[in-house]
Amino acid sequence: MEALLQIAGLRVAFGGVPTLRGIDLTLRRGESLGMVGESGCGKSVTWLAALGLLTGRAKITGSVRLAGEELLHAPASRLDKVRGGQIAMIFQDPASALNPVRTVSDQISEALRLHRSMDHRTAVAEARRLLDQVGIPDAARRLGAYPHELSGGQNQRVMIAMALAGQPDILIADEPTTALDVTIQAQILELLRQIQRETDMALVLISHDLGVVSEVCERVVVLYGGHIVEELPACRLFDQPAHPYTRGLLAALPSLDAPRQRLFAIPGVVPNAAELPPGCPFAPRCDRRIGRCSEWAIELAPLDGDIRHRAACLHVTSEPPAGEVAAA
Amino acid sequence: MARFIAVRLARALLTIAIVVTFAFVVLRASGDPARALLSPETPAEAVEAFRRAWGLDAPLWVQYARYLFAVVHGDLGQSMRDGRSAIVVVAERIPVTLMLTVPALILNLLIGIPAGIYAALKRDSIADRLVMMVAVVGFTVPSFVLGLVFVLAFAVELPWFPSGGAGGWQHLVLPVITLGLGGAAVLARFSRSAMLEVLGQPYIRAASAKGVPWPRVVTGHALPNAAIAVLTIVGFMVGNLIAGTVLVESVFSWPGIGSLLVVSVASRDLAVVQCILLVVAAAMITTNVTIDLLYGMLDPRLRDLRSGRR
C-alpha cells in the first residue's frame, strides 16, 4: 500500500543544538504506529516539526510528504488546512490544551467551521454528536461547559472530539494518557483504538509506556537521541527486541510475577543533545559497545532479511562484527 | 452573586471608614488650621474665637464623633477659606480633573496595550527591543520631570502649546500626554509579559494544531486570556493616575482636584481635604468593583468561584 505520509531525513536543531538527527519514517493509511523513547528523544518534536508547530528558532531540514505533497516550509495557509483537517494532534495535558475561557462547544465547532465549512447551528449539532461519539455522558448539557468544569478524562475526550472534527487521515496522540488516572488511561486508549478501527484513520501513539504502545499499535519505532534505533512489529517488542537500548528499556520494567529483585536501570543518563558522540548515540551507555560503534553513523538495517524489523546496531544486523571486543 | 456584591459593599464601606478616620487624625495631628489660615499678627482672642467657631477647641474624640455624625447625615462641613460647602468646592473641580484623567486613561490603554501585544508577537525582534526601550524610559522618568521637559520644549522653546492653566483644547495637550505616557509604558510592559505568558500555553499550540490561522489564534485564543492579567494592571493604573494628577496639575497649574488638594493641605482646610480623600477613596473602590465584575465576565473560572460552584 502506498505511503500516506513519508518523513525523510528530518532534522531539527534548536539554537545549533540538534534534537532530531535524521528521522526516516513512513505511515500507511489506517495503520497504528507507536513511538517510544525517553523524554527529549524527539518523539514529539518529530510531529511538531512536521506540522510546522515549532517556533521560528528551530532549524528544520529534510522532507515531510503527505500524499506526495511537501509540508516542510509550506505556506501557512496550506498548513492551516492540513492541521486538523488531514493531520490532527492531541496533547499530554488535556486540561491545559483546552482554552480555559471558551466553552467546549465553541472549541469543537471552531474546528468544524474551519475544516467542514459548517454554519454555527450545524456545527453545534455536530459537536454534540462528536461528544456522544467520544463517550461523554449527557453531551447536550456538556456543550456549554468550560474545561475547568470537566474532569481530566473528559477533557481528553473533548480533545479527541476536537481532533475528529476535521475528519483527519492521521491522528497524532502525544502521550494522551500520561496526565490521567490509570483507570481513565485504559478507557481513553480503548476509545482511540475503537475510533481508529471505525474511521480507518492512521494513529500515531507517542508514549514512554511500552505496555500501552504494544497493546494499541501494530508497529513500533524506538527513538534515542534524535535517531530511530529500532523499528519492529509491536508483537515482537516484548519477545524479540534487538537493539541494546530497546532491551534495556524492557529490562527496566519491573516484573509482576518474577521473584523480587533489584530494578534494572540503564547505566548513565541520556546525554545532552549537544554532546552526543558521532556514531551510535547509545554507545556511551551500551554494555556491548566496541570501538567501531562510536566511529561512524549506524544505519537502520533489516534483521535476518525481515524488512519489518530493523535496528541500528552493529551487533544485531547483517553479519556480526568480527573480533568483537568490549571497549573498556 | 448577591452574596458577592454584599461582601464587596461591606468591604467598600469599611475602606471608606478607614480612609476618613486616618485623614481626620493625621490632619489634626500635623498642624493647626488656625495657625495656617490666620496671619501671625491675629490677636489671641480672634484665634480662640476661630477655634471655637470651627469646633477645634473640643477634645479630638468629640470632634471625631461630631464629624462622623455629620458625614453619616451627608454633611461634609464647610471650607475654612471661603465658608462654602466642602462638597460644592470639591464637586466643581471634579469635571475639571476628569478632563485630564479620562483622556489620559484612554491614551494609556490605546498606546500601552497594542504596543505590548505587538512587542510580544514580535518577540526578540528589533521592533520589540525598541518598544521596550521606550517603555523603560517612559516609566522611569517621573511625570513631573516629563511635564517640565514638555513645558520647556513645547511651550518655551517651541511655543506650540500654553505652559499651563485651563482653556481650550491646546491647554489639554501637554498635561494629558504627560499623564498618559507613564501609564502607557507600564501597561506596555505588562501587556507584553501577559501576552508572552499566554502564547507559551499548551492551548495556543493546540489551537494552531487544530488549523486555526495564526491571526485568529491571537485574537480568539490568546487575547481573551491575556486580557485577564492586563485588567489587573489597569486597576492599579487608575490609582496611579489619581496620584499622578496631583503632580501634573501642579506642574501645569491645572485647576482640578489635585491643585485644590495641594492648596487645602497647605492651609489645613480640613473639611475640603477630607472631602477630597473621600471622593478619591470612592473612585478607587468603584474602579476595583468594576474590575472585579469584568474579571467575572472574562474568566469563567472566577464566575464559578463566586457563585460557589466547584
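Tutor: A nonpolar core is a set of buried Ala, Val, Leu, Ile, Met, Phe, Trp, Tyr and Cys residues joined through C-beta atoms within 7 Å. A residue is buried if 20 or more other C-beta atoms lie within 10 Å of its own, exposed if 12 or fewer, and partly exposed in between, with the C-beta atoms placed from the backbone. The model is predicted, so local features need pLDDT of at least 70 and side-chain atom pairs count only at pLDDT 80 or more, while totals for chains, interfaces and linings use all residues. Residues are numbered from 1 along each chain as its sequence is written, and chains are lettered from A and ligands numbered from 1 in the order in which they are written.

Student: Which residues have the most contacts inside the largest nonpolar core?

Tutor: Two residues are in contact if their C-beta atoms, placed from the backbone, lie within 7 Å. The largest nonpolar core has 138 residues, and those with the most contacts inside it are Met89(A), Ala161(A), Ile170(A) and Val204(A).

Student: Which helix gives the largest share of this core?

Tutor: Helices (H or I, at least four residues) and strands (E, at least two) are DSSP runs, numbered from the N terminus. With 13 residues, the largest share of the core comes from a helix of chain B that covers residues 170-199, namely H9.

Student: How many residues does the second, separate core have?

Tutor: Among the members of this second core are Leu76(B), Val246(B), Leu270(B) and Val273(B).

Student: What is the radius of gyration of chain A?

Tutor: The radius of gyration is taken over C-alpha atoms, and the globule rule is 2.2 Å times the number of residues to the power 0.38. For the 328 residues of chain A that rule gives 20 Å, and the value of the chain is close to it, so chain A is as compact as a globular protein of that length. The radius of gyration of chain A is 21 Å.

Student: What percentage of the residues in chain A is buried?

Tutor: The secondary structure of chain A comes to 10 helices and 12 strands, and its C-alpha trace spans about 70 × 50 × 40 Å along the principal axes. Of the 328 residues in chain A, the buried ones make up 44%.

Student: In what order do the 4 strands of the open sheet in chain A stand?

Tutor: Two strands pair if DSSP finds at least two bridges between them. E1(A), residues 3-14, is joined by 9 bridges to E2(A), and E1(A) also pairs with E4(A) over 8 bridges. E4(A), residues 58-66, is joined to E5(A) by 2 bridges. The pairing is antiparallel, and the order is E2-E1-E4-E5.

Student: Why is one side of some strands left without a neighbour in the sheet, and which strands are they?

Tutor: These strands stand at the edges, each with a single partner strand, so one side of each has no neighbour in the sheet. They are E2(A), residues 17-28, and E5(A), residues 69-70.

Student: Which residue in the turn between E1(A) and E2(A) has a positive phi?

Tutor: E1(A) and E2(A) form a hairpin with 2 residues between them, and Ala13(A) stands opposite Pro18(A) in E2(A). The residue in the turn with a positive phi, of about 55°, is Gly15(A).

Student: Which element gives the most to the side of chain A that touches chain B?

Tutor: The contact takes 26 residues from chain A and 21 residues from chain B. The elements of chain A that give two or more residues to this side are helix H2 (76-85), helix H3 (94-97) and helix H4 (104-116). The greatest contribution, 6 residues, is that of H2(A).

Student: Is Asp124(B) buried or exposed?

Tutor: Asp124(B) lies in the loop between H6 and H7 of chain B, and it has a positive phi of about 70° although it is not a glycine. With 10 other C-beta atoms within 10 Å, Asp124(B) is exposed.
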